[in-house]
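Welcome! Please take a moment to look over the molecule below, and then we can walk through some of its details together.

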Amino acid sequence: MSRTLNTAPAADGFRMPAEFAPHDGCWMLWPERPDNWRDGARPAQDAFVAVATAIAAFEPVTIGVGAAQFEFARARVPAHIRLVELSSNDSWMRDVGPTFVVNGRGEIRGVDWRFNAWGGLDGGLYFPWDADDLVARKVLEVERADRYRATIVNEGGAIHVDGEGTLLVTEECVLNPNRNPTLSRAQLEAEFRAWLGVHTVLWLGEGVFNDETDGHVDNLACFVRPGVVALTWTDNRRDPQYRISRDAWERLNDARDARGRRLAVHKLPMPGPLRMSAREARGVLTRDGAKARRAGVRLAGSYVNFYIANGGVVVPLLDPHTDGAALRKLRALFPGRRIVGVPGREILLGGGNIHCITQQVPARG
Ligand code: KQY
């Protein structure tokens, strides 16, 4: 049973744990909409299967699949990965799934954010999004975890925590008037304290250049462990990403986390710059109400968009010129985990990457 609670996690002694804390498993969704995924979503489905298979080597994976695709998905997804019928508008489990919170007694609950497809009718990516907005609730039913229905619009990709009281966000996303236009920065900080049990909010400026989520932090920077952050980086001063990463670097170096520590900031090379090819753009169907895909558009590729699993890190491979350097850096940053690269371009073409399509369930005690 999953009860809907009318309190908030912090008041009940719950907080969001870091992604690098132990997991019971990982949830994903099956991609199928042809106006976001090229060639009827078939290449994206192969990419999602590769990600799910890589994560399943470390922890149990469940994929939610719409009724019409269930049998096709079952034929392609390895048998040790659980499929459940679950409707959704697209396949970004990080954003539409619950953000799990834990207490000191080994119990888990979930925060069900209000979801508006990254901006609603003011720059959002598709309409409608009603099925997406029910995904968190349904996952919590399957997990038998109680639910907090948040009063603010937010997405899981817009937040990263260190599990010790620090939250990382970007102004571009969280302060965007297309999310919570009536709330000030101070009021949003208070909301995050209540829903996530954090103490200190660290604000970065913009997210990765041309990121259609309005600059989710999970594509720009993340905690590797408490006090240590990975940041996407380019040394090319003529690239629009340089100013963004430089600003984030300065803010992170000036910051103190919830425990009063200075942060160690590690640069991960930016792939590319990567652009959508004419062939890739042609494969995406267009329709009113969904963002059109155009040849030549700059893609918001980033190695920071990885998933930390139990004992492993699953990283998108995006560019043969930079993949090796990114993997080497991550091996040094995560000495106790196996670093596994999985082709990420097909997921990037849809607007995100491995972190965006996954959601961890923290270990119950
Ligand atoms: O990056 C994410 N967390 C989601 C990306 C959504 C893109 C929709 N086309």
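Predicted model: local features only at pLDDT ≥ 70, side-chain atom pairs only at ≥ 80, totals over all residues.

## Around the ligand

A polar side-chain atom of H216 sits 3.2 Å from a nitrogen atom of the ligand, a polar contact in the sense of a pair of N or O atoms within 3.5 Å. When taken alone, the ligand exposes 300 Å², and 98% of that is buried by the protein; these accessible areas come from the Shrake-Rupley method with a 1.4 Å probe.

Residues are numbered from 1 along each chain as its sequence is written, and side-chain values use heavy atoms, with hydrogens and water left out.

## The shell of residues

How many residues surround the ligand? There are 13, and the closest are D95, E212, H216, G350 and C356; to be near, a residue needs a heavy atom within 4 Å of the ligand. The shell is made up of four nonpolar, six polar and three charged residues. In this scheme Asp, Glu, Lys and Arg are charged, Ala, Val, Leu, Ile, Met, Phe, Trp, Tyr, Cys and Pro are nonpolar, and the others, Gly among them, are polar.

## Two cis peptide bonds

Now for the backbone. Most residues other than glycine have a negative phi, and most peptide bonds are trans. The bond from F127 to P128, however, is cis, with omega near -5°. P128 belongs to the loop between β6 (108-114) and α4 (132-143); helices (H or I, at least four residues) and strands (E, at least two) are DSSP runs numbered from the N terminus.

The peptide bond from G272 to P273 is cis too, with omega near 15°. You will find P273 in the loop between β13 (264-269) and α8 (278-282).

## Two positive phi angles

R144, in the loop between α4 and β7 (146-153), is not a glycine, yet its phi is positive, near 55°. Is R144 buried or exposed? R144 counts as exposed because its relative accessibility is 65%, and exposed means over 50%.

D214 is not a glycine either, and has a positive phi of about 65°. Its place is the loop between β10 (200-204) and β11 (221-225). With a relative accessible area of 16%, D214 is buried, that is, under 20%.

Notes:
Polar contact = N/O pair within 3.5 Å; in protein donor to acceptor, adjacent residues only side chain to side chain. Buried < 20%, exposed > 50% of the residue type's maximum accessible area, 1.4 Å probe, protein only.
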